[in-house]
Amino acid sequence: MSEADMTTGTGVPSFAPVPTSATEAQVISRPSLSYWQDAWRRLKANRRALISLWIVVGLLLFTVFGPFVWRVDPDDQDLDQISKPLGPASVATVATAFEPWAGVYNTLGPLPDTSVAADRLLAPAELVAVGEATTQAVRLSWQPNRTAPGASGWRVYRNLYHPAPDHALGLPVGEILNPAETGFEDRLDLEPRRYFYSVLALDAWGAESSDYITLSVDVKRVITADEAVAKGLADDALELAPGDSVELAFHPLGTDYLGRDMLARLMHGARVSLFIGIVASFVYVAFGILYGAAAGFAGGRVDQLLMRFADFVVALPFLLFMILFRILFGVESGDSGIAPMLVAMVLLSWPATARLVRGQILQIREEGYVGAARLLGARSAWLVMRHMIPNTMGVILVTLTFAVPSAIFTEAFLSFIGMGVAPPTPSWGSMCNEGLKTMLTTPHELIAPALFISITVLAFNLLGDGLRDALDARMRSTE
Amino acid sequence: MGRYILRRLVQGVITVWFIATATFFAMHNVPGDPLQSDKAVSAEIRANLEARYGLDKPLMEQYFIYLANMAQGDFGISFTQQNREVNDIIAEHFRISAALGILAIAFAALGGILWGALTALYRNRLPDIVIMLLVILGISVPGFVFAGLGQLGVVNLNAALGFTLFPVGGWGTVSHMIVPALVLGLGTMAFLTRLMRSSMLEIANADFLRTARAKGLPANRIFRKHQLRNAILPVVTVLGPSIAAITTGGFVVELVFAIPGLGRYFVQAVQQSDYTVIMGTTVFYGAFLVFMVIVVDIIYGFVDPRVRLE
Amino acid sequence: MAEGAVQAGSRAPLDRGALLQLLGLGLAGVVGLGALLAVLALWTGSGAADGVDAATGTVTLALSEEPPQLDATRTTDQVSGRILGHVMEGLLRYDARNRLVPGVAESWEIGETSASFRLRADAVWSNGEPITAHDFIFAWRKALDPANASQYAFILYPLKNGEAINRGQLPPSALAARADGDRTLVVELERPVPYFAKLLAFPTYFPINETFYRSREGRYAADAEDLLYNGPFTIARWVHGASVRLEKNQRYWNADAIRLNAIDYAYITSDANASLNFYKDGKIAMTGLNSENLRDALQNRWNIRRFTDGSVFFMEFNYREGRLTRNWHLRRAMQLVNDPAELVYKVIKVPGNLPGASLFPVWLKGVRGYFRQEYPAPTTRVNEAEARRHLQLAKEQLGLTEMPPLVMLTGDSDSANKQSEYYQNVFKRRLGLDIKIDRQIFKQRLAKMTSGEFDIVMAGWGPDYDDPMTFGDLFASWNENNRGRYANAELDAAVDTARSSMDPKVRMDAMAEVQRILHEDAVVLVNYERGSVYVANPQLKGVVRRAVGTDPDFTHAWIEAPGQPSDLAATEHPSAEAEGHAGG
């Protein structure tokens, strides 16, 4: 710096040289920031990345400690509450144990007449419910129509809505091929609500009479004392008398298609999805580092050979081979299918990291500061510790953060086409796959796992962005 | 230049051979085989079936026969579609996957560039925030959820309109393609939008743009000639790999929209252990991808003067 | 800093100009896309019609998969069977009420060990050539020829020398079937076969024109033009993997009775939701429902129909040496905690499925009426205490203190997943028995079933013909499909009795004996009889659903013009709406 630079146009010096010794100018007055301290400082300044970091930490806590807090077995099937949406716990009335029903046989009933076509048949009469209609069973009985005899059988429909005005009878829950049997017991997926039952007559060829009779039935939710005890809802069966109320198991996020607790399954599913996402990425990135570093350090012919092989693996169509390998490694009985998926993912994904690391190593080896450090007498260990590691670690860490969401997506995709984890192991992908089918009627089965996948993928992506900004050595000078 | 292309092609052929070998041995080590059927058959019939498909020969012999046939472009006859040649199957179904893929890429590229430029233009203002929120959605929601929701949306739309604006699925007319292609392109579009945005912002600070401004060039001209054009370059680079991702990522969309594409066919073939179809499809896709990468590299050499092909 | 200020100052004009430029770019892009679409449109083709079209008599439907094999001698699957049932015809066929009626044969006589058929004079192939007795003999020899490796050859074993030919012990020409002139077919039977007539409607018994077959040089049935048709319809267009279109065969001898002009399978999809969406959109005339979309169907107030497809699903045990499941107490313990009603009503949740009680489904005919009404199935009530006692006895007999986990082999379909997860939980909860689910893709599961790598396998069986024997001989020691290798001389003897006697009472008594042994020895645990519910366009009439034979059968279907009162049509054709169970 010459003196002239520090003067203004008037020639009057604005600045006077500070009379200090040369050594004092070299003293670093602020505390020195290490690479990682600096990175952390910059990451903290990035609000989105910081929130993402907390979300990732939260997800890990949810996965690791969640099951200790919410102690519900994810495989436990609560068949009284299948596909229950989220909401407060239901209450059931205690009832006596289910006893098979002998049915209603009308011994004096008319004989079937195969010559009577359906259009000459009329609906049966006197349709009534036998006993109390409960979620165990709804029992109906009726009388053959005396004015239009000759029915060969009966068909029973059940609807959630009244059949009028367009004769929408609903679900054909029962079919009776014996005209003397004039009763029907409905046990199909009964819920505590009002149902409309319709009964009509069939001719010998199964055609229906256009005439039908409808009965509305209110179904009550019941549970037997023994079931209540078995499910841990009551201590002693003897304390429960028929008519008492019992609060059923509480499922904060509802249940799935087999009555399993969604929250517990999401927690255990997180273990699978995050495990695959994180472990697979770690393993293949680690392998890629070793492979790439080996190639980069060795150089020459070995490097050529190793990288050519990596090129071949890169050329394999990823999803096709993912499916192939998944089948090749197979799933033994009782296995969750996580291991084969991990192996397949690692086998196919390592070359990208290997290429990256090799490129970095080759590049850093030639960097001026490495040469300068070497000239200043730095030993290899110092070079590796001070220059190689920090300069590649950033890239590797960023790769890793972006690898996690793509691994989670791959797992979800495989589960979607039915080649993911084996049941009953839950994973977010397989839960989504199941949920997608019931999207219209029970959306909570899709929304919860889809939300978890999205949040996780998003958090890792934003965290990756933040890390790249914070760690990338070249980015440090800009901004 | 010619030598470069030749070298790349030779490498490509070796790569395809590698893929073929990997697939062959992977396939033949999978337990179970395509000749199993619901009804058990006697040992005599089983032996006849094996002889018909050449499965009675030693594995290495089968491998060399397979390589020799493949070199002549013959992938054999399907095990499940017992009267069809694998070549015909690939030709018929790939055409459909390709049409879907091209359209999806077109949607993704157009949308990505436009939205990306728009967000950069309106940085940190409402349009930017809204679009980036959508981009985040596009990146973080799995493709099959989009596919399911997309189909549901079409059903409801048609019901509301009272006529079929877009078919719910199937294949045949242009209207069959639009919704599946949009769904298929969504993820890529979100990715490209993000890329375009950051590329635009990076270039906004570039020296040549500063120079252009200093020269007093009109802002419109700077925007079009310098910023937009240069920002698109990185987007073009990733289009190559995106094509690969989209053609294979078509599986889910083909499944959900009942499109008779090759991806859906491949999944079925794997479930049926249809050796010949699996091998044919994998080798074909592998060769296709290798070829696409070579083509993109060469094109890039023309587009970007900084890249020299040696 | 200064630069930022300049930028800020010029922001507004840049915005507007740039925006306009972007708009221009976008417009150009959209135009480009439009051009691309136009090119793609040329590349693909035309669209599909509505689900039903009364004016042209066309019904549009979806197939679950591409028909894999339309060579009747080699076909094994349902989809191919459905197409073949419409475009081909055997000696006999089923009518709208599931009765056996004349097909190519106008009359026949079936004795104990011989049969003769008189072919109708007006039965011709779609190229105009008459159908002769030689066409049947050629097809049957082809099917039995070991070189053809037909997996359904066994269904021709009742023909004399059939089995020996198929095993390569006799040449195909040794088949005891001869043509007495072009129009008379005479066959000899290996032994008395009480249900022989019912076999004749089966695809493996369909005729093939030898000259045509040879002219295709190995491409027979590969494409629409590689087949000769003799059924009510022909394949007019077959776009592989995409669609199959059937059109009325004007040369069919009974063409006047066929009312549909075309059956267009315009979509091929195995996705239940996609299929339902096609139906909602009016693009197809019929679709199956599953437990997931039943509520949706109710909300739409559709007319829902049910039907039992005839198949029975069960858990089969492995009786190979060294398997724990050889122990009766263990099997009995599992039988005592199995509650098929819970499975059907809480897990499957689709009406039409029946809780399994016997290997013999309810629709099978017995001596006079239904077999199951004449011979009620023995039942077991869930009894956990008794089950645990049997499990304890099993442990003692096997010398085990702890029962190791049992391997349950199952498929990879959604329903297989659900059911295996349910049963895993049931055996754990009620019996404390650990089950390892071994979920495998189709061919791998079959390979494991064949080699016996399982303790329990979730399996099913569909009927090939309308007689209790189609289920009854499944667990005979000689049956290759007896995957668990169960062997019981008493059961074998009963099957033998039912196979060789011509007296219905003796036969059904023997079948009832089989039913009793299967239950008492806990050979299989029957889970359910499969049924389904479906919706169909109200204008589509006369579709026949059946357990045995072509299903669904559109041969006798017709489309009612919109607005026409439905009961009027029903009066005109009172017999056509035959849905429900198969019958002979």
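Me: In which order do the strands of the open sheet of 5 strands in chain C lie?
Reply: The pairing in this sheet is mixed, where two strands pair if DSSP finds at least two bridges between them. Strands (E, at least two residues) and helices (H or I, at least four) are DSSP runs, numbered from the N terminus. Read across, the order is β1-β2-β11-β10-β9.

Me: Which strands of chain C stand at the edges of that sheet?
Reply: An edge strand has a single partner, so one of its sides is left without a neighbour in the sheet. That describes β1 (52-53) and β9 (233-239) of chain C.

Me: At which pLDDT do side-chain atom pairs count here?
Reply: Residues are numbered from 1 along each chain as its sequence is written, while chains are lettered from A and ligands numbered from 1 in the order in which they are written. This is a predicted model, where totals for chains, interfaces and linings use all residues, local features need pLDDT of at least 70, and side-chain atom pairs count only at pLDDT 80 or more.

Me: At what angle to β9(C) does helix α3 of chain C run?
Reply: Helix α3 (residues 78-87) lies across β2 (58-63), β9, β10 and β11 of chain C. Axes are lines fitted to C-alpha atoms (for helices, over the stretch in contact), and angles between N-to-C directions run from 0 to 180 degrees. Relative to β9(C), α3 runs at about 135°.

Me: Is C:Ala221 buried or exposed?
Reply: C:Ala221 lies in the loop between α7 (210-215) and β9 of chain C. A residue is buried if 20 or more other C-beta atoms, placed from the backbone, lie within 10 Å of its own, exposed if 12 or fewer do, and partly exposed in between. With 24 such atoms within 10 Å, C:Ala221 is buried.

Me: Which residue of chain B does C:Ala221 touch?
Reply: Contact requires C-beta atoms, placed from the backbone, within 7 Å. Leaving out residues up to four places away in sequence, C:Ala221 touches C:Leu70, C:Asp71, C:Asp226 and C:Leu227, along with B:Asn83.

Me: Which element gives the most to the side of chain C that touches chain B?
Reply: Here 61 residues of chain C are in contact with 57 residues of chain B. α2 (11-44), β11 (262-268), α8 (272-280) and α15 (442-451) of chain C each supply at least two residues of that side. With 18 residues, the element that gives the most is α2(C).

Me: Are α4(B) and α5(B) roughly parallel or oblique to each other?
Reply: Helix α4 (residues 86-121) and helix α5 (residues 126-140) of chain B pack at about 140°, with axes 7 Å apart. Angles under 35 degrees count as roughly parallel, over 145 as roughly antiparallel, 65 to 115 as roughly perpendicular and the rest as oblique. The two helices are therefore oblique.

Conventions. Contact = placed C-beta atoms within 7 Å.
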